[in-house]
Amino acid sequence: MSQKYKIIAIAGATCSGKTTLAQRLRARLRHCSVLHQDDYYKEPSEIPSFNDTTDKWDDPIAIQWSKLSGHVARISSQPYLESCPVCQEMKGEESRPTEQLLHYVIVEGTMVLYSREMLDLFDLSFFLTLDYETSKARRSARTYDHDTVKFFDGHVWPMYLEMESKVSSYSTSVTLLNGRRSLEDLEEEISRAVADKR
Ligand SMILES: [Zn+2]
């Protein structure tokens, strides 16, 4: 039985559309799992604080990376029938050789490309860029409860810039996409790249 999973990273700026894009791609690719970086935060007591008031949510130190990469490894080593709800539904439809279908795991979050080790997990990596004004405006429209202007300017934005320069230093491995483009447009470009990668 030949089983293949393509592992896709969608990283980038806060409020750049990562989560929505991941959901749209899951619907489009169907045989697809999505893991969210935000589901892998450490306990708040283990996360250093910013200005003694809020936790540094945008620092890679806040995330349980080995747990996240372990989940990616676990999904991609499982038979489709165990890991994929769509294949489970198709079970018994003899005309469909599900074991030959390509499957996907999308991992999305601001920092999922923060290290070489993480980058190496992925067959395809995308990083959504955003300019300061747009990111800040979209973020304040969402009103995170721990958000303040100081937190954005002093933590969120500098961490984004650090991620962006790190990702750029990986040279050609990561596709940078402008997060100001429409979601339809971004979805099309990522889908084409995924299809080309077959
Ligand atoms: Zn499936």
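This is a predicted model: local features need pLDDT of at least 70, side-chain atom pairs count only at pLDDT 80 or more; totals for chains, interfaces and linings use all residues.
**Ground rules.** I count residues from 1 along each chain as its sequence is written.

I looked up the strands (DSSP runs of E, at least two residues, numbered from the N terminus). I call two strands paired if DSSP finds at least two bridges between them. I found an open sheet of five strands, ordered β2-β5-β1-β6-β7, with parallel pairing. At its edges I noted β2 (32-36) and β7 (174-178), each of which pairs on one side only.

**Strand by strand.** I started with β2, which pairs with β5 (residues 102-108) in the parallel sense over five bridges. There, V34 stands opposite I106 in β5. Next I followed β1 (residues 4-12), joined to β6 (residues 124-129) by five bridges; A9 stands opposite S125 in β6. From β6, five bridges lead on to the parallel β7, where L177 is the bridge partner of L128.

**The core.** Which residues touch the most other members of the largest nonpolar core? Of its 42 residues, they are I8, A9, I10, V105, I106 and L113. Such a core is a set of buried Ala, Val, Leu, Ile, Met, Phe, Trp, Tyr and Cys residues joined through C-beta atoms within 7 Å; buried means that 20 or more other C-beta atoms, placed from the backbone, lie within 10 Å of a residue's own.

**A look at L113.** Leaving out residues up to four places away in sequence, I listed its contacts (C-beta atoms within 7 Å). L113 touches A9, A11, M118, L119, S125, F127, V167 and V174.

Technical notes: Helices (H or I, at least four residues) and strands (E, at least two) are DSSP runs, numbered from the N terminus. A residue is buried if 20 or more other C-beta atoms lie within 10 Å of its own, exposed if 12 or fewer, and partly exposed in between; C-beta atoms are placed from the backbone. Two residues are in contact if their C-beta atoms, placed from the backbone, lie within 7 Å.
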